[in-house]
Amino acid sequence: NYPGVGVEPLRQHREGRHNLEWGNSPPQWGRTDRLRRGSRVGPSGMGEDHAELSGILHLFAENKDLEDVGDLAHCSNIEFVCLARNLLSSLEPLAHLAHMRLLDLSSNHLRTLPSADFWVTLPALQVLFVHSNKLPRVSVVGGLAGAKALRVLTLHSNPLASANAYRPMMLSI
């Protein structure tokens with residue numbers, strides 16, 4: 001569990017809400033047979049239509065060599081997204097996922113983070129993991145001020161973490 005987020009995917013699965021997990025987890029968690037390394041998220045990669053995507057609440061697509069998130073924007077009710085250890089370099093397709101509370105983008109290829117205008121479109125976001133990326137300087141995280149509900153943020157193991165202004169900037173967000 002993550003502080004203040006209340007992750008309960010098993011309970012929600014039993015209540016009949018959709019979960020989608022890609023990885024090595026028990027089969028009751030979702031449709032792991034539909035994704036192969038390098039696939040896209042969305043109808044082109046999963047064989048699902050946009051209406052079905054809106055029922056997905058949890059997405060675990062860790063270590064799948066994903067370069068983009070395809071149609072993830074159609075998962076309009078998604079709450080928890082784990083895209084760790086992929087090849088992502090942009091977050092723009094994640095804009096407007098208003099119910100998303102947790103976003104794990106650790107160990108990707110991110111070199112910048114979006115402006116405050118992007119983060120405002122994610123009003124429920126409480127937990128953001130962006131450690132172990134390629135964020136070069138403290139100035140690239142200034143837009144996080146738009147993430148008003150953000151409570152947990154990881155930025156370690158990025159080049160920016162060695163900058164003198166790193167700690168003051170993090171404390172000011």
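A: Here is a walk from the whole chain down to one pair of rings in the core.

Keep in mind that this is a predicted model. The protein has 173 residues, and 47% of them count as buried. Its secondary structure comes to five helices and six strands. Starting at the N terminus, these elements follow the order α-β-α-α-β-β-β-α-β-β-α.

Now to the inside. In soluble globular proteins, nonpolar side chains tend to be buried together. In this model, the largest nonpolar core has 38 residues. Leu-72, Leu-83, Leu-105 and Trp-119 are the ones with the most contacts inside this core. Strand E2 (56-61), helix H4 (116-120) and helix H5 (166-172) each supply at least two of the core's residues. The largest share, three residues, comes from E2.

Let's stop at Trp-119, one of those residues with the most contacts inside the core. A pair of aromatic rings is described by the distance of the centres and the angle of the planes. With rings counted as a pair when their centres lie within 6.5 Å, the count comes to one aromatic pair. Its partners are Phe-118 and Trp-119, with 4.8 Å from centre to centre and 90° between the planes. Planes over 60 degrees apart count as edge-to-face, so this pair is edge-to-face. Both Phe-118 and Trp-119 are buried.

Conventions. Residues numbered from 1 in each chain as written. Predicted model: local features only at pLDDT ≥ 70, side-chain atom pairs only at ≥ 80, totals over all residues. Heavy atoms only, no water. Phe/Tyr/Trp six-rings, centres within 6.5 Å; stacked < 30°, edge-to-face > 60°. Buried < 20%, exposed > 50% of the residue type's maximum accessible area, 1.4 Å probe, protein only. Helix = DSSP H or I, 4+ residues; strand = E, 2+ residues; numbered from the N terminus. Core = buried A, V, L, I, M, F, W, Y, C linked by side-chain atoms within 4.5 Å.
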